[in-house]
Protein chains: 2
Amino acid sequence: MKKIFIKDILAKDVFCRDIEILGWIENKREHGAIIFWDVVDSTGKIQVLLIKKNFREKWEKIKNIPSETCVKIIGDRHCFIKERQKNIEVIAKTIEILGEYKLNITPRPRSLFPIFDRKYTNYILKNRSLYLRNPKQMAAISFKSKFLYELNRYFRDNNFVFIESPVLTEMLLYDDDTAFSFNFHGRKVYLTQCCTFQLEAAIIAFEKVYNITPSFRAESSRSNRHLNEYTHLKVELAFANLEDLISLAEDILYNMAKKMVKIGEKELEFLGVKFDLCEFKPSFRRISYDDAVKIFNKEGYRFQYGRNLSEKGVSILNRKLRNKLIWVQYPPRRAEAFPFKAFPHNPNLIMAADLIAPYGFGEIAGVAEKICSKKELLERMTEKGKNTPRQLERYKSYIQLRDAALPPHGGIGMGIDRIVRYFLKLPHVKDVVPYPRLFGHRWNP
Amino acid sequence: MKKIFIKDILAKDVFCRDIEILGWIENKREHGAIIFWDVVDSTGKIQVLLIKKNFREKWEKIKNIPSETCVKIIGDRHCFIKERQKNIEVIAKTIEILGEYKLNITPRPRSLFPIFDRKYTNYILKNRSLYLRNPKQMAAISFKSKFLYELNRYFRDNNFVFIESPVLTEMLLYDDDTAFSFNFHGRKVYLTQCCTFQLEAAIIAFEKVYNITPSFRAESSRSNRHLNEYTHLKVELAFANLEDLISLAEDILYNMAKKMVKIGEKELEFLGVKFDLCEFKPSFRRISYDDAVKIFNKEGYRFQYGRNLSEKGVSILNRKLRNKLIWVQYPPRRAEAFPFKAFPHNPNLIMAADLIAPYGFGEIAGVAEKICSKKELLERMTEKGKNTPRQLERYKSYIQLRDAALPPHGGIGMGIDRIVRYFLKLPHVKDVVPYPRLFGHRWNP
């Protein structure tokens, strides 16, 4: 097992003999009888010096080793002062090729090109497994990995229980034709759109529960915020109302922002991201759906009342409300999913709110009170056409919960890919997903 | 938002007036003009005393409130000494029903019955969402939640990067007919069996990577170790050989055992589990597949050489090798998946090992070196019938990696549900999964 990483070699403070480096050639420069390799591993970069006289008849072969190759180097570590800076290099004694690089593609995987630029999208998706090693792509993925860990830590520190929820389910938040389905031993099952059905049952046991897993939407959107498969955070909370849910969602985001500024410092700096913590300080501004529509009308945008906020609507809100995080609350009944509770004073509105990020990053979170009354639930299911015998059978356990001591409760949903994209200010949600599945892009992740 | 939990009320050390309890009635006892309720929430249990004179005309109604009901109680907290023990109770002043319980089912969800007994399997699966609140079921799920968090912590502490991997994929470890498939915008996709394909590409960037997500097997097994959807840990490691992988897997298990004995103490005690840490102390015993087959033959069990170890085989090994964790290494080539590397000195054997748990808990982990050579990979694909033009297209990126500076490497796979079941000594792997999908059980998780 590899024990010494480049970071460790750089950290040593003395001359070291016969040190072993396992890594990849990021770049090489030839100066007559000397070759310089920049060798990288997952922890850092070190300069390796190859001198012709040490390799004799092997020199021609060594000269032809291409950048990207995986090598094992044994050599002596030296320190030298150049332009008043301490530099470290390893003078190679032996080298061995551990992984050949035989491809002839440009841009080279480890080279610094604008990998997130739209013109590369198709190319990178087709060659995804080669470009994960790109330094910019690595920064985004490493940041996401840290984000996911800290998110779990937040919930553990706040006494939430992780409830695993199935991908294969018969209960869908939206219409059947917006879900992927297949035949499971003779029965039609779907890929989950949201695990609210499973988490609501669990709050009767644990009160505070959450889940982070893939969710699926059979959408054919080509926007820069949609994937067919995405990482979904769901939180469900007993004895909570809309105010509680909004506070909790704000607390999650603010805490994650505070954490990531620290532990993601290296990645943020490398990607050149300016991160303004003040942006995330609760409480966020709120407007009602109705007021948002009034703004659209004033701006001359003919928006059909009752629909979800469009990308155009979101960009108008961003502009008019000075690029802040905004909650749009009390959406109309017909726009929302059936488990969401109606506003007691006006049943045409729903006790829910969507969180809109600034600068066009779009909707990143939603919160909603859920229905406790069986009567109200069945009414809402009827409105959504979910009242056929077959549908009632599918949602049987969910309906039955309303007779099983279900307390007042509500949930939070967050699109983790979208939030990480927003934190990193990247052009597309795919940029923070190692193997994104996009509509219309044919490749084999 | 609920701020005060029963645990907090119990922890207070003084008389408190007008305390609010939000919880569920676990049990009730009536003694004339007094009713005792045991009220629980996710943190503990407290005795609530209801006195007839405090409720007057509402008394008859209160008497009829069934156990399981979700209630809000306001009352005064008292301390009293009974049988030399300090006891705490709350004398209720007002009560309010927050979630009605209208079901008439036995056993009652929160009652202590042998919920993991086989005779209840069908019944519990059909009513899963009601029985998550059962104290024994809660203990198992809470233990699993802690296990998952600590597992992530282990990898973070050891500098692994979490690589999200898609559920929808075209690359399968085993035959197509052992996977679930469906039509994705006109193209056949499968539900992942193993994310080795995606993780191997990522080691060229991060060297040490892991993933914990659902994996799927379209198996029709009715054994107590198989689910169609299960939680799969995959680790992939650059510059690692079989010895390294075995050491790392042992370290993961030993560390998790040490952690869970501490942080899962309450759950282990409640479930009456005797947990022997010595069982997990590295190094575990090893035997070769060939020697295992010799033992079978000696025992009169006619085992077909080249097949995977059967449940009967595993139970013979358990018995003969004194119920220890055992690695069975160097399985025959034909039994193993195509990405696994052959033993250099005997290409009929594979550089892999399976970890068998004692007491019939079966295989819980596997490790394998992976193929780096394109030639060897194509040979193995041909052996497995994966060499048609369509198949070569599906695995194109995986084959291409062999020309893209892939270092020597290998991976570990662990069935998290199986390991947690083994830690908790439960009869079936479904017992540690909130919504298990079992072959032959028709319900709607």
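Which residue in S4(A) stands opposite Ile19(A)?

Modeller: Gly75(A) is the one: it sits in S4(A), opposite Ile19(A). Before we go on, keep in mind that this is a predicted model. Let's stay with those strands for a moment. Strand S1 of chain A covers residues 16-31, strand S4 covers residues 70-82, and seven bridges join the two, which run antiparallel. S4(A) also has strand S5 (residues 85-99) of chain A as a partner, again antiparallel, this time with 13 bridges. For an example of a pair there, take Lys72(A), whose bridge partner in S5(A) is Glu96(A). As you follow strands like these, here's a handy rule: in a regular strand, side chains alternate between the two faces of the sheet.

How does the chain get from S4(A) to S5(A)? The two strands form a hairpin with two residues between them. In that turn, Glu83(A) has a positive phi of about 50 degrees. That's worth a second look because most residues other than glycine have a negative phi, and most peptide bonds are trans. Further along chain A you can find another such case: Ala405(A) isn't a glycine, yet its phi is positive, about 70 degrees. Look for Ala405(A) in the loop between helix H14 (396-401) and strand S18 (409-415) of chain A.

The peptide bonds have something to show you too. From Thr106(A) to Pro107(A) the bond is cis, with omega near -10 degrees. Pro107(A) belongs to the loop between S5 and helix H4 (121-126) of chain A. Chain B has a cis bond as well, from Thr106(B) to Pro107(B), with omega near -10 degrees. There, Pro107(B) is in the loop between strand S5 (85-99) and helix H4 (121-126) of chain B.

Now for some helices. Two packed helices are described by the angle between their axes and the distance between the axes. In chain A, helix H6 (residues 135-157) and helix H8 (residues 242-263) have axes that come within 10 Å and cross at roughly 135 degrees. That angle makes H6(A) oblique to H8(A). The crossing of H6(A) past H8(A) is right-handed. H6(A) brings Lys146(A), Phe147(A), Glu150(A), Leu151(A) and Tyr154(A) to this contact, while H8(A) answers with residues including Ile252(A), Met256(A) and Ile263(A). Sorted by type, the residues of the contact are seven nonpolar, one polar and three charged.

H6(B) and helix H8 (residues 242-263) of chain B pack at about 135 degrees, with their axes 10 Å apart. So H6(B) is oblique to H8(B). H6(B) passes H8(B) in a right-handed crossing. Among the residues in contact are Phe147(B) and Leu151(B) from H6(B), and Asn255(B), Lys259(B) and Met260(B) from H8(B).

While you're in chain B, find its open sheet. It has eight strands in the order S6-S10-S11-S18-S17-S16-S13-S12, with mixed pairing. At the edges are strand S6 (161-162) and strand S12 (285-288), each of which pairs on one side only. S12(B) is joined by four bridges to strand S13 (residues 326-329) of chain B, and these two run parallel. Within that pair, Arg285(B) is opposite Ile326(B) of S13(B). Helix H15 (residues 416-424) of chain B packs on the sheet, and the strands it touches include S10 (208-216), S11 (229-238) and S18 (409-415). The direction of H15 makes about 55 degrees with that of S18(B).

Finally, zoom out to both chains. A rotation of 180 degrees, with 0.0 Å of shift along its axis, superposes chain B on chain A, with an RMSD of 0.0 Å. The two copies are therefore related as by a two-fold rotation axis. Phe182(B) has the C-alpha nearest that axis in chain B, at 2.8 Å. Where the chains touch, chain B supplies 79 residues and chain A supplies 78. On chain B's side, helix H6 (residues 135-157) gives the most, with eight residues. That side of chain B splits into 43 nonpolar, 17 polar and 19 charged residues. And 99% of the interface residues of chain B are also interface residues in chain A, so the copies meet through the same surface.

Technical notes:
Residues are numbered from 1 along each chain as its sequence is written. Chains are lettered from A and ligands numbered from 1 in the order in which they are written. This is a predicted model: local features need pLDDT of at least 70, side-chain atom pairs count only at pLDDT 80 or more; totals for chains, interfaces and linings use all residues. Two residues are in contact if their C-beta atoms, placed from the backbone, lie within 7 Å. Ala, Val, Leu, Ile, Met, Phe, Trp, Tyr, Cys and Pro count as nonpolar, Asp, Glu, Lys and Arg as charged, and the others, Gly among them, as polar. Axes are lines fitted to C-alpha atoms, for helices over the stretch in contact, and angles run from 0 to 180 degrees between N-to-C directions. Angles under 35 degrees count as roughly parallel, over 145 as roughly antiparallel, 65 to 115 as roughly perpendicular and the rest as oblique. A crossing is left-handed if the near helix is turned anticlockwise from the far one by less than a right angle, and right-handed if clockwise. Two strands pair if DSSP finds at least two bridges between them. Copies are superposed by least squares on the C-alpha atoms of residues with pLDDT of at least 70 in both.
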